[in-house]
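Please look over the entry below.

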Amino acid sequence: MLTTIFAAAASAEENPYGLAAALKEGGLIAQGTFGILVIMSIVSFYIMFTKLFEQQKIMNQAKRMRADFWRSSNLKEGAAKLDQNSAYRQIVDDGLAAQEQHTKLTDPVEAHDWLHGSLARSEAAINSKLGGGLAFLATVGATAPFIGLFGTVIGIYRALVKIGSSGQASIDAVAGPVGEALIMTALGLLVAVPAVLAYNWLQRRNKAISEDLSAFSNDVLGFLASKGAVRPSVAAVSASKPVAPATKPATTTAGQTGGVQTRA
């Protein structure tokens with residue numbers, strides 16, 4: 001097995017039209033372009049996996065919130081059931097802090113406006129953290145093909161120089177530079193396509209998380225503004241026990257209950 005691997009590696013090194021040969025022949029420009037594309041690809045995949053981890057963490061927090069939070073008698077008791085670093089607990093804590101701060105204000109500010117602004121800021125901070133790094137993915141998706149195209153242009157230029165210096169357009173003279181140019185084009189696309197796909201996918205998941213956070217923030221605002229009288233209807237229905245339907249008493253053909261109507 002080792003002999004086969006070493007033989008394959010040796011044949012790859014001897015290939016005059018492979019990636020290593022193209023980078024060696026292309027010089028610093030080709031090597032620099034290749035290095036930039038590699039760095040962009042590594043950072044893109046790092047951002048993609050870290051954002052997936054963050055999104056899945058908040059989605060799991062949402063499941064625990066729906067299961068336990070609104071069964072509590074007040075927000076403090078419900079917040080104690082959530083994780084310390086939960087995004088949903090952050091919204092609750094910020095809402096409770098805003099409610100306490102409103103009593104200390106000297107200017108007449110509506111409690112609803114004050115609470116709504118505080119919860120909106122908390123929600124925006126969470127969304128901003130979730131969106132961090134996505135701009136880099138968009139940048140990679142937009143620029144990586146052009147960086148590869150730059151390597152392509154340099155390769156074509158080198159091919160034309162060889163043709164001019166040799167005086168004839170033979171395959172041996174232009175195969176290396178043209179192959180280098182095509183490799184750079186392929187690398188640019190190989191880096192850009194996963195970045196674009198990851199950006200669109202993560203943006204869609206962030207939108208779903210943002211909508212869920214907005215709904216929860218609105219529920220918390222309603223609870224605070226009504227002093228606990230307003231709760232999500234779904235949680236209230238799931239927490240209540242079903243009531244058996246009442247049985248109707250038997251009636252006679254005369255329409256009276258419990259006996260037959262008689263005439264005097």
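**Briefing: rings and an arginine**

The charged end of Arg205 is placed over the ring of Trp201, at 5.3 Å from the ring centre; a charge sits over a ring if NZ of Lys or CZ of Arg is within 6 Å of the ring centre and within 35 degrees of the ring normal. This is a predicted model, in which local features need pLDDT of at least 70 and side-chain atom pairs count only at pLDDT 80 or more, while totals for chains, interfaces and linings use all residues. Residues are numbered from 1 along each chain as its sequence is written, and side-chain values use heavy atoms, with hydrogens and water left out.

**Aromatic rings**

- The whole structure holds six aromatic pairs (rings of Phe, Tyr and Trp, the last by its six-membered ring, with centres within 6.5 Å; planes under 30 degrees apart are stacked, over 60 edge-to-face, the rest tilted).
- Phe69 and Trp70 make an edge-to-face pair, with 4.8 Å between centres and 85° between planes.
- One aromatic cluster is formed by Phe69, Trp70, Tyr88, Phe216 and Phe223.
- Phe69 is buried at 2% relative accessible area, and Trp70 is buried at 9% (buried: under 20%; exposed: over 50%; partly exposed: in between; 1.4 Å probe, protein chains only).

**Arg89**

- Arg89 belongs to helix α4, residues 87-102 (a DSSP run of H or I, at least four residues, numbered from the N terminus).
- Arg89 is buried, with 16% relative accessible area.
- Beyond neighbours within four places in sequence, Arg89 is in contact (heavy atoms within 4.5 Å) with Ala79, Ala80, Leu82, Asp83 and Gln84.
- A polar atom of the Arg89 side chain lies 3.4 Å from the backbone oxygen of Leu82.

Technical notes:
Helices (H or I, at least four residues) and strands (E, at least two) are DSSP runs, numbered from the N terminus. A polar contact is a pair of N or O atoms within 3.5 Å; within protein, one must be able to donate a hydrogen and the other to accept it, and residues adjacent in sequence count only if both atoms are side-chain atoms.
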